[in-house]
Amino acid sequence: MTLVDTHTHLYCEEFDNDRAEVVQRALQAGVDTMLLPAIDAESYERQHQLALSHPDHFREMMGLHPTSVKEDYREALSTAHQLLFQNPQQYVAVGEIGLDYYWDRTFEKEQLDALTIQLDWADELNLPVSLHVRNAYDDLFSLLRKRNRTQYQGVMHCFSGTVQQAYEAVEMGFHIGIGGVVTFKKSTMAEVAKAIPLERIVLETDAPYLAPVPHRGHRNESAFVLHIAQTVAQLRETPLDTIARVTTDNARKLFRLDK
């Protein structure tokens, strides 16, 4: 059984003391491929070095995370643009990008501008996007509709919207990223995981954040994507092997991992 973790930050400092062991646990759990979303200029080199250390198992994204959008966001975007466009074949997606109004809406206008610019990059390079959206689905869908695209390619990472919003995202062409939250009691993600077509689901951890049950409250890691797959299998009353096979195939097609 093979799994893909479509969103993991194993390059972060939380793994500096045992990263090799974390990678080994992931491989032993069947997580053959792990995608590394970018955050900001401080993370790009760490991300790249990890990808270089395990080229058969890690693939990179490039972008500016919405919570990293500040007064100097144009300069930050310039750095990301340079890295992305000087070697686009190095990256499987533009991400993670998006809108995050949860903590602070000071740079709301700048976030919208940064997202628009990075969506343009994805269009120009024909790359999918990994979208981070928190307390901002209405603005996101409004922006996407205004772009007049018939279909998008990408994933709503760590999806936290309603079933109806999930349907809307799927109709636009997006996949839904299901992570550890789906294992939490009273999580609305259980309904989303049951409702949308399996062909539109990809699995992720968002490590080191949002560890699934039975590791909730502790550091997350890519091996735990197996717990997420097991929960989705239970919710959908579908064999685990089927969940693993279809979601892995979804990820490979979306991010063109066989190239």
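**Entry one: a glutamine and its contacts**

I started with Q118. Leaving aside neighbours within four places in sequence, I found Q118 in contact with G63, L64, L77, V94 and I97. Contact here means heavy atoms within 4.5 Å. Q118 sits in helix α4, residues 108-125. Helices (H or I, at least four residues) and strands (E, at least two) are DSSP runs, numbered from the N terminus. I then asked: is Q118 buried or exposed? Q118 counts as buried because its relative accessibility is 1%. The cut-offs are under 20% relative accessible area for buried, over 50% for exposed, and partly exposed in between (1.4 Å probe, protein chains only).

**Note on the source**

This is a predicted model, where local features need pLDDT of at least 70, side-chain atom pairs count only at pLDDT 80 or more, and totals for chains, interfaces and linings use all residues. Residues are numbered from 1 along each chain as its sequence is written, and side-chain values use heavy atoms, with hydrogens and water left out.

Side chains of opposite charge can pair when their charged atoms come close. I counted a salt bridge where a side-chain nitrogen of Lys or Arg lies within 4 Å of a carboxyl oxygen of Asp or Glu. How many salt bridges does this rule give? The count is 16.

I looked up R46 and D16. Their side chains form a salt bridge at 2.6 Å, N to O. This pair links distant parts of the chain, 30 residues apart: R46 is in helix α2 (residues 41-53), and D16 is in the loop between β1 (3-5) and α1 (19-28). R46 is partly exposed at 34% relative accessible area. D16 is also partly exposed, at 40%.

Next came R147 and D123. I read 2.9 Å, N to O, for their salt bridge. R147 is in the loop between α5 (137-146) and β6 (154-157), while D123 is in helix α4, so the pair links distant parts of the chain, 24 residues apart. R147 is buried, with 12% relative accessible area. D123 is partly exposed at 38%.

Then I checked R145 and E168. The closest N and O atoms of this salt bridge are 2.4 Å apart. R145 lies in helix α5 and E168 in helix α6 (residues 163-171), so the pair ties together parts 23 residues apart in sequence. R145 counts as partly exposed at 47% relative accessibility. E168 is partly exposed too, at 23%.

Last, I looked for shared partners. Which residues do such salt bridges join into one network? They are D18, R25, R219 and E221.
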